[in-house]
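Dear colleague,

Please find below the structure that I am handing over to you. My findings follow it, and I would be grateful if you would read them with the model open.

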Amino acid sequence: MSKNFRDTLNRQLENDAEFRKEYEALSPEYEIAKMLIACRNSGNLTQKQLSELTGIDQADISKIENGNANPSIKTLTRIASAMNMNLKIEFVPKTQNA
């Protein structure tokens, strides 16, 4: 990300409570997307290859990675298994500032 984008985002997060609330609400989806991309890349897999391993359409994998899909736990488990990983979901306490 460019510095200008990051600076603009940080200013908006600091100054706009409604924007910050919406941004934080989407955080879990974006974290899943970032982790999926990182794991797929570390395994040197393309979306097409992951699609073939999981039986999940490549377009659906793309939607998950772009944050445009809300995958089920079953889908995430299939993806993790195809990458020789386990899916771990946990509840963590909110920070004091949340």
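N84 is exposed, because its relative accessibility is 74%; here buried means under 20% relative accessible area, exposed over 50%, and partly exposed in between (1.4 Å probe, protein chains only). The model is a predicted one, in which local features need pLDDT of at least 70 and side-chain atom pairs count only at pLDDT 80 or more, while totals for chains, interfaces and linings use all residues. Residues are numbered from 1 along each chain as its sequence is written, and side-chain values use heavy atoms, with hydrogens and water left out.

N84 is located in the segment after α6; helices (H or I, at least four residues) are DSSP runs, numbered from the N terminus. The phi of N84 is near 60°, a positive value in a residue other than glycine. N44, in the loop between α3 and α4, is not a glycine either, yet has a positive phi of about 55°. With a relative accessible area of 65%, N44 is exposed.

L87 counts as partly exposed, because its relative accessibility is 36%. Together with I73 and I89, L87 makes a nonpolar surface patch of about 290 Å².

In general, an α-helix has 3.6 residues a turn, so residues three or four places apart point the same way.

Which residues does S51 contact, leaving aside its neighbours within four places in sequence? They are I56, D57, Q58 and I61, where contact means heavy atoms within 4.5 Å. S51 belongs to helix α4, residues 47–54, and counts as buried because its relative accessibility is 14%. The side chain of S51 also reaches the backbone oxygen of I56 at 2.6 Å.

Yours sincerely

Methods. Patches are made of residues with over 30% relative accessible area and no salt bridge: like charges are joined within 9 Å, nonpolar side chains (Val, Leu, Ile, Met, Phe, Trp, Tyr) within 5 Å. Accessible areas come from the Shrake-Rupley method with a 1.4 Å probe; for residues, only the protein chains shown count as cover. A salt bridge is a side-chain nitrogen of Lys or Arg within 4 Å of a carboxyl oxygen of Asp or Glu. Helices (H or I, at least four residues) and strands (E, at least two) are DSSP runs, numbered from the N terminus. A polar contact is a pair of N or O atoms within 3.5 Å; within protein, one must be able to donate a hydrogen and the other to accept it, and residues adjacent in sequence count only if both atoms are side-chain atoms.
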